[in-house]
Structure formats: structure tokens, C-alpha cells
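Please look at the sequence and the structure below before reading on.

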Amino acid sequence: MSGNKGARFAVNTVIKLLVYLLICMAAYVLCGLMVGAGRHFAPPVAAAAVTWLFLRFMEGGKRSFFAKGYMLENIVPGAVIGVLTAALPMVIELLLGMLSIDGFTSGADIREPFYEVFRESLFAGIVFFGYIFHILQKDAGNICAVMVSSLLYAAFGLITLGNAEGVWLVINIKGDMDIIYILSLLLTGAAAGICIMSFGDMRSGTAFICLKKLTEIMTVMLVTVRHDGAVVRNAEFMYTEAVNAVVLGVICVCMFVSAVKKR
């Protein structure tokens, strides 16, 4: 009888999370139809509103993901690791001569990086590493929460590339470069989840992906970067490099060991 109850609870949890995810993704798509600066801020605001409704009415206000730790204890470590994770692979390739910087660029709109971080990274932090991660962590454990949130984050990252390459990567996984790209997205999601395990609630994981993304965009926007002689236009250019996946993997392992020791 207890087994039947457990199965029903698991099914109900899956259905609840699927409904939540569908509503949030529908809101993201609809917000993308807006014009002006509001389209960048609307997705996380919509996600926060949907999340509040689910926490209030589906969870009875008893399972908030602001569960432990002070804000600085959560945000600062996640943000610092996010910046280091984005910068370290670039520094390694710079030292190896695979990457070069020609100088500073002019005329860049400094608002654009923050717009993109708000529109995509903050939205992902609230949806994947807020409600979904927290519910899975409570109901199925840390490993399940990290795995599912990482898969969702990788899928979201591929879909929101916003160019033909993104669609091509989703439909045709061919060659090592594509697998490295997807692996980098998966490991980025895993690192965000492990940040939550190690440092506290969803603010640490969200700070990680937001500052990592901001560092990547600011690098390409503020300086002229050449990779293998070609000028870099895409903020995710390091995602196709094996060194990026290796750095992410090492950071994930180190944080996971640290999180286990804390417990």
C-alpha cells in the first residue's frame, strides 16, 4: 500500500513539475513577442509570478527554495565561481596562444549584456534551479535534482541560441565539437546545481549562471577577441573547446566533494 502511495506521489510530482515548466516556457515565448526593453525583463518577472503561485497554492507556502543561508553566503560564492569558470578557459587558451586580444572595442551598448542575462540566465535560475531543483531535491534527492535541472538547462541553452546553429545542434548531433558544446551546457547546469548543494539555496546557483554568462558576453563585447585567427562574435565560443568542458568538470567535482564533506 505504501508502495502505491509512493508511486502516486512520484507521478503527481512529475505532473506538477511538467505543468509548471510548460506554463513558464509559454510565458517565456509570449514575452519574446514584446517590443522594447520590457521583453528582457518580462521573462524572469513572469517566472517569479508563476513560481510564487505554485509555492503558495501547490506547496502551501511550506517549501520555499529560500531555505538556508544568508544572501551573501549564497550569492558571493556562486558569483565568484561563475566568473572564474568563464574566465579560466579563456586565460588557458590565451597562454597557449590559441586566443588573442586585439584591443578594446568602441560603441558597445553596455545594456545588452545585462538584458541577455536578465532574459535568459535569471529566468533559468528561477525556473530550473529554483522551483524545479528545490522540489526534486526535497522529493528525490540531490543527484536527481542536479541531473534533471542540468538536462533542462542544456535544452534551454540550445533552444535559445537564436540562430540556425542552435537548431542544427538540437536536430543533428554530429562530430566532437557539437558533443563538447552540449557537454559544456550540461556541466554548467550541473555546476549551478552543485552550488546550491554546497552554498545554500537557489541564489547561489542563479548567481553562478548569471555571472558566468555576463562574463562571457562582456568579454566578446568589450574587447576584440580572435580565436584561431578568426574574430569571435558569439559569447559562447569557448563552449566548443575541450578545455572549457575540462575546467567545468574539475570545478563540478571539487564543489561536489566540498558539498559532501559539509554534510
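## The H4–H5 pair

H4 passes H5 in a right-handed crossing, meaning that the near helix is turned clockwise from the far one by less than a right angle. The model is a predicted one, in which local features need pLDDT of at least 70, side-chain atom pairs count only at pLDDT 80 or more, and totals for chains, interfaces and linings use all residues. Residues are numbered from 1 along each chain as its sequence is written, and side-chain values use heavy atoms, with hydrogens and water left out.

The two helices are described below; helices are DSSP runs of H or I with at least four residues, and strands are E runs of at least two, numbered from the N terminus.

| Helix | Residues | Contact residues include |
|---|---|---|
| H4 | 111–140 | Phe123, Phe128, Leu136 |
| H5 | 142–159 | Val146, Leu152, Phe156 |

Their axes lie 8 Å apart at an angle of about 155 degrees. H4 and H5 are therefore roughly antiparallel to each other (an angle over 145 degrees).

## Thr219

Thr219 belongs to helix H8, which spans residues 202–222. Because its relative accessibility is 19%, Thr219 counts as buried (under 20% relative accessible area, with a 1.4 Å probe and protein chains only). Its side chain reaches the backbone oxygen of Thr215 at 2.7 Å. Beyond neighbours within four places in sequence, Thr219 is in contact with Met90 and Val225 (heavy atoms within 4.5 Å).

## The whole protein

The protein has nine helices and three strands. Of its 263 residues, 47% count as buried.

Technical notes: Axes fitted to C-alpha atoms, helices over the stretch in contact; angles between N-to-C directions. Parallel < 35°, antiparallel > 145°, perpendicular 65-115°, else oblique. Buried < 20%, exposed > 50% of the residue type's maximum accessible area, 1.4 Å probe, protein only. Polar contact = N/O pair within 3.5 Å; in protein donor to acceptor, adjacent residues only side chain to side chain.
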